[in-house]
Amino acid sequence: GDDGQTIDPDTRAYMIYALCESGNVDVSVINDLFAKRRELQPYGRALLALALKQHRDDAQARQVAGEIEQSASTNDFDAHWESKHTSHGYQVENDTEATALSLKALTRINPQSSVLSRAARWLVGNRRNGYYWESTRQTAFAIFGLIDYVKVSKELSPDYSVQVYLNGEQVVSKQVTV
């Protein structure tokens, strides 16, 4: 950085991901981050996976996606990634951002992953008072992560039938589709 501080690996991952999205990144920079990925928190590792996928490095993207899956904190109900970020000398938890980005990366690289629905459940379940996330930043990340998941999970593609009964008599029968 300009102040003589070295850029932490997760911030570097964010910068590389942004450059990949703009289509302007040197492959050696991605390869260097891939080689040093053990230094990354789950937040940075998800960004690396997204950068690799965007850059069409499919084999490396799949490798990192596998590492993302293996490192999830899971139970039968949900899954998330515990992650910390150093900001102005303080360690700050960024589990929501890490989980959202991990969900997005896995959705793009391995849409059949068994972790996807549990990670989405964790994100949706970790809202404050059930309505919103901790901050506008976390809300933006959560939505950014969930958008790709909703596309592959087909949760916005209804296909079911509804029958409404009144006093034991059917009054409506309807098929609901897109």
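Where does proline 111 lie? In this predicted model, proline 111 is found in the loop between α5 and α6, the latter spanning residues 116–125. Its relative accessibility is 34%, which falls between the limits of 20% and 50%, and proline 111 therefore counts as partly exposed. Once its neighbours within four places in sequence are set aside, proline 111 is in contact with Leu106, Leu116 and Val152. Proline 111 also stands 9.6 Å from aspartate 148, C-alpha to C-alpha, although 37 residues separate the two in sequence.

Helix α5, residues 95–109, and helix α7, residues 136–153, pack at an angle of about 20 degrees with their axes 8 Å apart. Because angles under 35 degrees count as roughly parallel, α5 is roughly parallel to α7. The crossing in which α5 passes α7 is left-handed. On the α5 side the contact is made by Thr96, Glu97, Ala100, Leu101, Leu103, Lys104, Thr107 and Arg108, while the residues contributed by α7 include Phe141, Ala142, Leu146, Asp148, Tyr149 and Val152. Sorted by class, the contact of α5 with α7 comprises 9 nonpolar, 4 polar and 5 charged residues.

Helix α7 also packs with α6, at an angle of about 145 degrees and with the axes 11 Å apart, and this crossing of α6 and α7 is left-handed. Here Leu116, Ser117, Ala120, Leu123 and Val124 of α6 meet Ala142, Leu146 and Tyr149 of α7. The residues of the contact of α6 with α7 divide into 7 nonpolar and 1 polar, with no charged residue among them.

The loop between α3 and α4 holds arginine 56, whose phi is positive, at about 65 degrees, although arginine 56 is not a glycine. With a relative accessibility of 69%, which is over the limit of 50%, arginine 56 counts as exposed.

Technical notes. Residues numbered from 1 in each chain as written. Predicted model: local features only at pLDDT ≥ 70, side-chain atom pairs only at ≥ 80, totals over all residues. Heavy atoms only, no water. Axes fitted to C-alpha atoms, helices over the stretch in contact; angles between N-to-C directions. Helix = DSSP H or I, 4+ residues; strand = E, 2+ residues; numbered from the N terminus. Parallel < 35°, antiparallel > 145°, perpendicular 65-115°, else oblique. Left-handed = near helix turned anticlockwise from the far one by under 90°. Contact = heavy atoms within 4.5 Å. Nonpolar A, V, L, I, M, F, W, Y, C, P; charged D, E, K, R; others polar. Buried < 20%, exposed > 50% of the residue type's maximum accessible area, 1.4 Å probe, protein only.
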